[in-house]
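Dear colleague,

I am writing to hand over the structure that we discussed. Please find it below, followed by an account of what was found in it.

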Amino acid sequence: MAANGCKGRLLSLLDYRTEKYIVAKNKTVGVLYRLIQLSIIGYIIGWVFLSKKGYQEKDEAIQSTVITKLKGVSMTNTTESGLLMWGPEDYVIPPQGEAVLFVVTNFLETPNQKLGYCAESPKVLDGLCHQDGDCQEGKLVVSGHGLMSGRCLHRDENAPGTCEIFGWCPVERKFKPQSLLTNAENFTIYIKNFIHFPKFKFSKSNILETTDVSYLKCRYDEKLHPYCPIFRLGDITARAGYNFNDMATFGGSIGIQIQWDCDLDKGYSECHPQYTFTRQDITASNTIATGFNFRHARYFKNSAGESYRSLYKFYGVRFNIMVNGKAGMFNIVPTAISVGSGLALMGVGVFLCDMILLYILKNGTAYRERKFEGSQQTPESQSGILVL
Amino acid sequence: MAANGCKGRLLSLLDYRTEKYIVAKNKTVGVLYRLIQLSIIGYIIGWVFLSKKGYQEKDEAIQSTVITKLKGVSMTNTTESGLLMWGPEDYVIPPQGEAVLFVVTNFLETPNQKLGYCAESPKVLDGLCHQDGDCQEGKLVVSGHGLMSGRCLHRDENAPGTCEIFGWCPVERKFKPQSLLTNAENFTIYIKNFIHFPKFKFSKSNILETTDVSYLKCRYDEKLHPYCPIFRLGDITARAGYNFNDMATFGGSIGIQIQWDCDLDKGYSECHPQYTFTRQDITASNTIATGFNFRHARYFKNSAGESYRSLYKFYGVRFNIMVNGKAGMFNIVPTAISVGSGLALMGVGVFLCDMILLYILKNGTAYRERKFEGSQQTPESQSGILVL
Amino acid sequence: MAANGCKGRLLSLLDYRTEKYIVAKNKTVGVLYRLIQLSIIGYIIGWVFLSKKGYQEKDEAIQSTVITKLKGVSMTNTTESGLLMWGPEDYVIPPQGEAVLFVVTNFLETPNQKLGYCAESPKVLDGLCHQDGDCQEGKLVVSGHGLMSGRCLHRDENAPGTCEIFGWCPVERKFKPQSLLTNAENFTIYIKNFIHFPKFKFSKSNILETTDVSYLKCRYDEKLHPYCPIFRLGDITARAGYNFNDMATFGGSIGIQIQWDCDLDKGYSECHPQYTFTRQDITASNTIATGFNFRHARYFKNSAGESYRSLYKFYGVRFNIMVNGKAGMFNIVPTAISVGSGLALMGVGVFLCDMILLYILKNGTAYRERKFEGSQQTPESQSGILVL
């Protein structure tokens, strides 16, 4: 008997139980429910699957290496520096081909600075003085260039002067805005970008896999040469919406974004880099943060072993190559989450339609009695939330 | 007749079918089910929506550009280097305003090194010797400074000596810890940070959009000037919990994290940077990795064209500006996933209550018979898992 | 009476309503439904929970700081440069211990360049000429080294020559491939990596927390010393599948990836770095992008104050240390989403089994009549989608 009961129990495990429905021949609610069903199905297929690719596992942790190389020469002629020939070894800072690099377009040389005494620059507010008492001996000039000696230097006694300082003399003079490396816009930058998606073990490069050496004689163009990794600097700024020579005088910052949106379900060859160019030192109405410059010193020693230096104030365009990307590949987990939660939304539609059928329509009481078997309560007691 | 059947079928598609429920007048299970319902609704509203903002699409792939500029001067006076005036062009390495920068706070100069023969430093274990046989000619000293000549140099015959090497001579002497750029803590760093969220095409900068030039005379303070992008180095280390001068002698590494948590539903102006400062070269109980230094050489040529150099061992504080952020904006997909899976959790509550009602409570058999219509099995055969 | 009704309504809120099922004693559908149930439960437990850890909140926004330090010396002897001793201050570019660093393995020095007139390099296509007319005076040589003077220089009148240019003379000669810093493969790199997961406020370093100073005398080895942060360069390239000396001649790029997969539910000590090494300048069949070199100039001034320079073309291996990681910790939100959407998938099974039971099996009509109470339509009008 016990064995028999056990067997019966096990067999009944294989009985199929299906929910009992009551049919409400109400076209209003019926149509409404069908519409809700259709819009949820449309949302799952159209939005979640086609537009957002909800069936794919995503890898947004792209690994990327960027190597850059510039080409081009330019000649400058200034009173301080004389004739100078600029090659990539001079105008690219740092020279080792980084993803963030600076191209000198303009400079101000202060040659042959030596440690000694001279007048502070009149640009430094804290260095202005009327008399020796304004220059406290042994104190550093705030945002200045050296240590005050205690003397105030003027051209004539009534005019305001500047404190005498101990520092690298002579101090840098004022800058007359002009663009010196005039053909910097013709320099080219060769960008090598190697990417890797660790989750999918997928690697690619922005350089076509070809053995044709003439390929690297190209210039990037969205339409003609979208896979060319060599860019003319003037074209880059033009694509960002700015004229290179306007940026060259005071400098600026350009972002080169390489976007990899790879649908790995479509295969290796369908994963391409897309380049976008934006100016980064200008936001909506922000003007005080524009421009880009820094100073650099080259040190020398004379035959007596004394140090002297050339101070350079470099203005230029900073290129910031940012690589961004995501790869997607079919995976059952996100598919299940997308389908499952889409289907679960149907419950909202059922709840809504039940409310209308049972409590808003005229013959709701009759439906309520049929739906809720064995309820002895007054009909109005079955509030909607009960069947949620 | 066929047309009629078809029409009837189509019309019946618009009938609404609703599940039939049986009402169990059992207050215990009823109260339990209400409690489960309330806690799931509370979880969806409170946790998923309010706390985690589950209704928002997130963009965590922030694009960021950081430009830095330091100001301040310092003077040092050492026996080897004499009087020196340090400006940003000297103490900031690299000078071009990167997000990772190093500020020299202490240094050891070994001036006028020439290629030649001299004794290896006694700090190099592999260079110690007692007799010439310890110094194998033509072999490089491991972790040392040059090539062994085969001679062992001692002051007196019994004391241990060091091998003679061919290399840049004289070798660097031992370092006496002291902090040389004493007012480095008063240097200021101006951080320009431009961010962009590509998914939402949203850009912003940490610099206020103002035309008021006096704005950039500020110093950052969480309370007084939270939007000031200019930081005093001493304040940065203090906020990280360390005294600048303690770090200055042997160097260290400070992380400046700029956090952008942008709720784009609230609008452009509600997206602010938040700065946090942490010391990075010290973890829980890790002391062997602290400090930061590196060597750099400046090359010169004398009038005969022979090279000589000054070797600098720089100690200092490395600042690493990291930008992190996410933006969220209302989107129907994550909302649907959150609501859908929240509602689906109700199924767990239903399963639990059914178990209690049908198999734990006394009059479960009666409920089972009402719930499962047409079952002819013995009641105990309907195990709980069946109705999952 | 009204109060009574209200009380009754409130009490009925605590009645428990459970769905009514009909039992279909059909073993085929029953077995199918059990199989679907089991595979969904198996999927939730096995895949979502165990394999993908769907119960954890993830933080993939790892913050990382990398500090590097190289050790080792090498000696070179070339006709142009003579005997040279290379230390880290010379062969590591940049010297300040960055995460992206370049180790010189080979170089070509062009010493004592002065601004003046000389023949363009025959490597520059645009500088080749047959007669003076080919060299337009005052025009820059494209991808060349200077400004054409208008003269064409040949050895004898019939052979092709190159244009005379104004630039840094003499120009760089052709490179004879050879590896100069022969023992560069024995250099060691000490990598300090500090990580932080902001979401969980979790910090760690790749350096063991020990006070044992001999620990840092180790060399990394996957099996013997997996927590040793010091790597021999030759071992790194060997692990990436390349011979160091093959890469040394023309240079290359190696990625050192530090992977942190931290299951924070398991505790602090169970979060380890894993190192992987890959060559980055070679993809599948891409050969034109391989190699790595750049030029750098050192400037000098003679006693007359005239500038001259040494131009270095550096070949070498670029190391790119990339830190990647994610941390996971139990959290109720992703658990709820995973469980909820897994359970919701059961609805798909119910739908499928209902279809088979009601419309495919022989006695479907009988089941339909029991399932849909009060339907007066012809049986075939109840198409499957109705009960979705």
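Which residue stands opposite Glu373(A) in β2(B)? The residue is Ile22(B). Before the details, please note that this is a predicted model, in which local features need pLDDT of at least 70, side-chain atom pairs count only at pLDDT 80 or more, and totals for chains, interfaces and linings use all residues. Residues are numbered from 1 along each chain as its sequence is written, chains are lettered from A and ligands numbered from 1 in the order in which they are written, and side-chain values use heavy atoms, with hydrogens and water left out.

**A sheet across chains**

Strand β19 (residues 372-373) of chain A runs parallel to strand β2 (residues 21-24) of chain B, and two bridges join them. Here strands are DSSP runs of E with at least two residues, and helices are runs of H or I with at least four, numbered from the N terminus. Two strands pair if DSSP finds at least two bridges between them. In general, strands of a sheet pair through backbone hydrogen bonds, either parallel or antiparallel.

**Chain A against chain B**

In this interface, 88 residues of chain A are in contact (heavy atoms within 4.5 Å) with 78 residues of chain B. The buried area, meaning the accessible area (1.4 Å probe) that two parts lose on being put together, summed over both, is about 7,200 Å², and carbon and sulfur atoms give 58% of it. Five salt bridges cross the interface, each defined by a side-chain nitrogen of Lys or Arg within 4 Å of a carboxyl oxygen of Asp or Glu. Arg309(A) forms a salt bridge with Glu89(B), with the closest N and O atoms 2.7 Å apart.

**Val100(A)**

Val100(A) is found in strand β8 (residues 100-119) of chain A. Leaving aside residues up to four places away in sequence, Val100(A) touches Pro94(A), Arg318(A), Phe319(A), Asn320(A) and, from chain B, Glu98(B). Val100(A) and Met322(A) are 222 residues apart in sequence, yet their C-alpha atoms are 8.6 Å apart in space.

Yours sincerely
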